[in-house]
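Good morning, and thank you for joining this meeting. Please look at the model on the screen while I describe a few of its features.

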Amino acid sequence: MTRRTLLIRRAALAVAIGVAAAVLGHLLMTPVTGDVLLLLTARQADRIAATSVDLHSAQGWMRLGSIPSRAVPKAPETAEAFLTRVPVGSYDGVRLAGESIAVALGVQKDILNPLLVGLDGGRPLPDSAYGGTQAVSLGLNELSGQLKAMLPFRLVDQFGRPFTNSDIAGHDVLLAAFHTSCRETCPLVAGLFLELRQRLPPSVLLVEVTTDPLEDTPSLLRDYAGRFGAAWTFATADAQTLAAFWKPFDVVLSTSDVHRSTLALIDRHGYIRTYFLGAPDVGGTLPAPLDSQLSAAGRQLLSSHGNGWGDSQILDALQAVGGLASPSSSGGGPAPALTLETLNGKRVSLVDFRGRPVLINFWATYCAPCRREMPLIERTAALHPRLVVLLIDERDSHQSASTFVADLQITSTVLFDGDGQVGDAYGISGLPTTFFIHPDGGIEGRYIGETNAGILGPHISAIGA
């Protein structure tokens with residue numbers, strides 16, 4: 001073989017390798033895509049002007065396509081705007097006709113991923129974007145008026161804060177009627193909620209609203225929740241407001257055990273999806289603080305497994321509306337800034353600990369589970385020297401907090417949030433609640449309710465402690 005032939009062969013091989021590398025690089029750099037079908041509908045026959053459509057993800061906005069001026073039919077009929085391909089992944093917003101609205105759309109490969117937008121007056125309706133086949137079906141039912149929506153309401157929670165429609169928007173909600181002096185069905189409902197709080201993602205809200213406005217003041221609700229560690233929302237209001245709130249559920253105000261025991265599932269768009277009536281099956285046992293509240297009739301319901309529905313039926317209903325899709329601990333985003341004083345008057349800010357992992361525990365002296373879990377948190381802090389532990393006392397008296405700390409011989413940093421403003425910033429709906437903060441200040445996750453070693457361990461590892 002001549003030298004010239006050898007050089008030619010080597011050059012050809014180099015070219016072939018270069019072409020193959022270029023093709024392979026192109027394939028590797030080309031994102032995997034899925035089909036997105038944009039559907040339009042309206043509560044009444046409508047029309048939309050020509051507009052571009054954008055889709056939002058963690059990487060920002062991207063152009064999805066364009067719509068010419070066209071008619072939009074009344075739900076449940078739809079108009080197909082266009083079919084396009086986008087990178088596989090999660091999207092959280094859609095923008096058209098000058099409006100941006102939130103949506104949960106997971107685009108998958110090799111399947112059709114529908115995206116429905118509801119219109120009114122040629123513009124997107126708030127909270128009326130639906131991603132995925134199941135959500136689109138739900139949206140068409142909602143927009144066609146086949147589901148009953150929650151009426152506007154303004155209640156007060158156990159911390160004295162307003163509790164309104166905006167607090168439940170974007171969440172699936174389990175809503176129960178109760179009052180603190182009920183000794184028959186209400187302790188069973190509370191027992192069910194204790195079980196569910198351990199199993200449900202924080203995106204599902206648990207709410208108990210009283211039917212006894214005269215007795216159930218915010219402070220009484222707070223004490224009631226603290227006795228058995230209810231880490232969810234309790235709410236009250238004046239008699240007229242509560243009567244209007246409960247009217248769509250056919251629940252009347254009552255102070256006796258003979259009242260309509262109702263648990264309703266409300267979806268993240270504010271529509272009432274289903275009801276459970278009577279007493280739940282909680283497996284024949286209750287925690288001691290709830291068991292002691294039962295009357296003879298309540299004890300009979302407990303032993304006979306209530307009216308035959310319980311956590312399994314609740315979970316099935318939530319699964320049907322997509323309420324179990326979120327992770328058990330939701331993280332993401334920066335932790336709200338906080339500056340509070342210790343019980344000795346020293347000012348402490350979260351930013352002081354930037355660069356170190358932080359555990360923030362919201363607690364109160366009247367909260368029984370808070371007292372039970374505090375020694376565990378103290379032991380955890382001792383085992384992880386890099387971990388900063390901030391124990392924030394919510395809406396207590398200074399003297400009560402000082403006594404609590406002395407009794408339990410707490411050595412971690414205790415901060416006093418007497419007016420609850422920091423708790424409000426963190427969206428605290430019940431106690432205890434624990435947040436896990438990365439060294440860069442981002443929230444890794446949170447846990448609502450009493451923790452244990454199995455819960456704390458993975459979160460503490462995740463934040464690098």
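Strand S22 (residues 388-394) is joined to S23 by five bridges, and the two run parallel. The model is predicted: local features need pLDDT of at least 70, side-chain atom pairs count only at pLDDT 80 or more, and totals for chains, interfaces and linings use all residues. Residues are numbered from 1 along each chain as its sequence is written, and side-chain values use heavy atoms, with hydrogens and water left out.

Helices (H or I, at least four residues) and strands (E, at least two) are DSSP runs, numbered from the N terminus; strands pair if DSSP finds at least two bridges between them. Leu-391 stands opposite Val-414 in S23. Strand S19 (residues 339-342) runs antiparallel to S23 (residues 413-417), with two bridges between them; there, Thr-342 has Leu-415 as its bridge partner.

I turn now to the pockets. A pocket is an open set of points on a 1 Å grid over the protein atoms alone, where a 1.4 Å probe fits, with protein on both sides within 12 Å along at least five of seven lines; lining residues have an atom within 4 Å of a point.

Lining the largest pocket are 37 residues, and Val-103, Ala-104, Gly-131, Ala-135 and Arg-268 lie nearest its centre. Helix H2 gives the most to this lining, namely six residues.

The second largest pocket has 22 lining residues; among those nearest its centre are Asp-167 and Ser-429. Strand S15 gives the most to that lining, with three residues.
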